[in-house]
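This report walks through the structure shown below.

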Amino acid sequence: MHNPETWRELLGQIIKEPLEKQRLATALKVNTVTLSRWVSGDAKPRQHNLHMLIKSIPTHREQFMTLVAKEFPGFVSMEQGDSQPEQEISSIFYSRVLRANSNLPPVLHFWSLCDIILRQAVEQFDPNRIGVAVIVAQCMPPSHGQPVRSLRELVGRGTPPWNRELQAKATFLGAESLAGYAVATGRPQHEQNLTIKQSLRPFQQTQWEQSAAVYPIMHKERTAGTLIISSTQTDYFSPARLKLGQDFADLLVLAFKPEEFYDLECIKPEIMPSEDVQRSYLAQFQQRVTAVMIRASRQQQPISSIEAEQLVWQEMEEELLQLAYSALQEAK
Amino acid sequence: MTAESTKSENTYPLDPESEAEMGRLLDQDLLLNRTMEGLFPEQLDLSNVHRVLDIACGPGGWALEVAFEYPDMEVVGVDISRLMIAYANMRAKTQGLDDKATFKIMDVTKPLDFPDSYFDFVNLRYLCLFMRKEAWPRLLAECMRITRLGGVIRLTEPECGFANTPAFEKYWGLFYQALTKSGQSFSPNGQNICLTPMLKRLLRDAGCQNIQRKAYVLDHSAGEEANQSVYQDLRVGFVLALPFIQKANVAPPEVAKALCEQGVQEMKSEEFCALWFILSVWGQKL
């Protein structure tokens, strides 16, 4: 595929794939024929169309903007805006978080506080909505006198192509992940280009992710989990953005209870299976929780749904670790 | 207007100054934008829409989306909550949209502080939670005054609480009874809000013409795409609505609390089936 010289050529390359063509037409609320007419030069898109087009192809954003500038210089300067993303957390936001920390009812405390912080993080990291995801992963409570062996993604938020709403997440992360490495070392980690292996640090690239930064959520040298920030762009984590990520990780400390923090020597992540393998296990989660509750009830020892969920998470963690271990043994 | 004065006059059943409520409203805006397949009615010619007002804008979810998606529009949002407005303005600044979107504290049950014939599009979404039924004609008369000739007023309201699980339905029932007691329901027996059947009449009585409507359905049953989003919305909404239900004395407080907790649990069940209906009605000032 040759390097396109106009935005029309670039669009032509993108919409060669029929599904992508349909996706873009739907996103832009135009006919697929209209897209073809833009490519051929028979029609000129409106400013609003170009705006939506750039939003809908985040991985081509920079190239597209450069090419569009040749034909519509005024549009590009407007699109870029003169405002730089805020790279410091404002005192107003700190005060909001502290107020929420004091006032939120216990049952909503963790989720709502994470929500407030992650929402702000997304808006500051990605005001132009070119694609950022932020996720909080928590250290799995250890069982049977063992160390923390994995993290579990709890909650996430993003800008397209990721989901913008607050989503409960569930994937387990272990020693194979950048998050596992960050909690094991107690230090933030980042990768500016996940498409090429640049270091010895472990990482597993997720869909759309081109670069990532991970921060342990630490209080008094003890760790509760990690803040994971992913971007659709390579080299996204400038020094200012890396500092901003640390500030958000520091704020997230407020969401966790004191007993949810672990000493560094108690955190020894093990290998977890890939997200694809985990998915089939995680799909059974609710079914297994119900089964545990029914069983407990039959044994005249009823347990709450929260207790049942915790039990099932621990069972699943054990099973997945065993699965990864067996796969490693077989590979040897 | 101070926070204290707004608090005493406020009929909103959930604490409008709560951070948890603000987060819930922001996600609800995203959910509704997606369910309604866009920010404006698809039949509307947007070439004449430049000034937009969002009434009871909360933390600015809809208004900021408009400012982002349509850079040539100027959007104003008004709400009674000082916290929501402060946050909306902060979000506008963070997103670099503060030159296109502004937010003001305003009690929309009182005369609106805007000139005549000022807006091209006036949006009112989910006002059911605080509007007393007798307040609607006054508000819509004000909307007509500030809308230009040819401009559009749109009302969007829900009917929720339809599910196949007992506590979830019962808890919604208590909520509707409490709303009825506080004069916010058009239902003669308090079984629901009964606002959606009224929307067309309310607009027509206000003098709107060319009235059109579109219904949407949000399936938040187990396994459906919206299940998680609505679960997150309602798990917060249920908890925040509990003091309002208990204060209305429509059930013993411990019964209401148990239904609240059980209702949230039921939403996680694999058997859970539930629908949320939304009706959007819009008309022109001619």
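## A helix pair in chain A

In this predicted model, helix H8 (residues 106-125) of chain A packs against helix H10 (residues 239-252) of chain A at an angle of about 170°, and their axes are 10 Å apart. Angles over 145 degrees count as roughly antiparallel, so H8(A) is roughly antiparallel to H10(A).

From H8(A), the contact involves Cys114(A), Ile117(A), Ala121(A), Gln124(A) and Phe125(A). H10(A) contributes Arg241(A), Leu244(A), Phe248(A), Leu251(A) and Leu252(A). Sorted by class, the contact of H8(A) with H10(A) has eight nonpolar residues, one polar and one charged.

## Domains of chain A

Chain A is assigned domain 1 (7-80), domain 2 (91-266) and domain 3 (275-331). Taken over C-alpha atoms, the centres of domain 2 and domain 3 of chain A are separated by 24 Å.

Where these two domains of chain A meet, nine residues of domain 2 are in contact with nine residues of domain 3. On the domain 2 side of chain A, the residues that touch domain 3 comprise three nonpolar, four polar and two charged.

## Contact between the chains

Chain B places 22 residues in contact with 30 residues of chain A. On the chain B side, the elements giving two or more residues are helix H2 (19-35), helix H4 (82-94) and helix H8 (227-248) of chain B. H2(B) gives the most, with seven residues.

By class, the side of chain B that touches chain A divides into nine nonpolar, eight polar and five charged residues.

## The sheet of chain B

Seven strands of chain B form an open sheet with mixed pairing, in the order S3-S2-S1-S4-S5-S7-S6. Strand S3 (101-105) and strand S6 (209-219) of chain B stand at the edges; each has a single partner strand, so one side of each is left without a neighbour in the sheet. On average, and with direction ignored, neighbouring strands of this sheet are turned by 15° against each other.

Within the sheet, strand S1 (residues 51-55) and strand S2 (residues 74-79) of chain B pair in the parallel sense over five bridges. Opposite Ile55(B) stands Val78(B) in S2(B). Helix H7 (residues 199-206) of chain B packs on the sheet, where H7(B) touches strand S5 (147-163), S6 and strand S7 (274-284) of chain B. The direction of H7(B) makes about 15° with that of S7(B).

Terms used:
Residues are numbered from 1 along each chain as its sequence is written. Chains are lettered from A and ligands numbered from 1 in the order in which they are written. This is a predicted model: local features need pLDDT of at least 70, side-chain atom pairs count only at pLDDT 80 or more; totals for chains, interfaces and linings use all residues. Domain bounds come from an automatic or database domain assignment. Two residues are in contact if their C-beta atoms, placed from the backbone, lie within 7 Å. Ala, Val, Leu, Ile, Met, Phe, Trp, Tyr, Cys and Pro count as nonpolar, Asp, Glu, Lys and Arg as charged, and the others, Gly among them, as polar. Helices (H or I, at least four residues) and strands (E, at least two) are DSSP runs, numbered from the N terminus. Two strands pair if DSSP finds at least two bridges between them. Axes are lines fitted to C-alpha atoms, for helices over the stretch in contact, and angles run from 0 to 180 degrees between N-to-C directions. Angles under 35 degrees count as roughly parallel, over 145 as roughly antiparallel, 65 to 115 as roughly perpendicular and the rest as oblique.
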